[in-house]
Amino acid sequence: MARNQKHYDTDYKVQSVNLAKGIVLSKAARERGISPSTLN
């Protein structure tokens with residue numbers, strides 16, 4: 001059985017990683033009660 005594997009371009013991958021980092025950063029800031037920009 002052949003697998004249909006998706007191929008993503010580099011820009012899409014970079015944006016996905018940055019989005020994930022932003023979500024983690026926002027969650028960490030929220031848990032600490034500080035602004036996300038403080039953690040940048």
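## A tyrosine pair

Y8 is partly exposed, and its relative accessible area is 40%. This value, like every other one here, comes from a predicted model. Y12 is also partly exposed, at 43% relative accessibility. Both values fall between the 20% limit for buried residues and the 50% limit for exposed ones.

How many aromatic pairs does a search of the whole structure find? The search finds 1. Y8 and Y12 form that pair. Two values describe such a pair: the distance of the ring centres and the angle of the planes. For Y8 and Y12, the centres lie 4.8 Å apart. The angle between their planes is 15°. Planes under 30 degrees apart count as stacked, so the pair of Y8 and Y12 is a stacked one.

## The helix

The protein has 1 helix and 0 strands. The helix, α1, runs from residue 10 to residue 32. That gives it 23 residues. From first C-alpha to last, α1 reaches 33 Å. The span expected at 1.5 Å a residue is 33 Å, and α1 comes close to it.

What follows α1? The next residue is G33. The phi of G33 is positive, near 75°.

The structure holds 1 salt bridge. Its partners are K27 and E31. Their closest N and O atoms are 3.9 Å apart. The cut-off for a salt bridge is 4 Å, so this pair counts as one.

How many residues apart are K27 and E31 in helix α1? They are 4 residues apart, which means that about one helical turn separates them. K27 is partly exposed, at 46% relative accessibility. E31 counts as exposed, at 57%.

## Before the helix

N4 sits in the segment before α1. Is N4 buried or exposed? N4 is exposed, with a relative accessible area of 80%.

N4 and V14 are 10 residues apart along the chain.

## The whole protein

The protein has 40 residues, and buried residues make up 2% of them.

Now take the overall dimensions. Along the principal axes, the C-alpha atoms fill a box of roughly 50 × 20 × 5 Å.

Notes. Residues numbered from 1 in each chain as written. Predicted model: local features only at pLDDT ≥ 70, side-chain atom pairs only at ≥ 80, totals over all residues. Heavy atoms only, no water. Phe/Tyr/Trp six-rings, centres within 6.5 Å; stacked < 30°, edge-to-face > 60°. Buried < 20%, exposed > 50% of the residue type's maximum accessible area, 1.4 Å probe, protein only. Helix = DSSP H or I, 4+ residues; strand = E, 2+ residues; numbered from the N terminus. Expected span 1.5 Å × (residues − 1). Salt bridge = Lys/Arg side-chain N within 4 Å of Asp/Glu carboxyl O.
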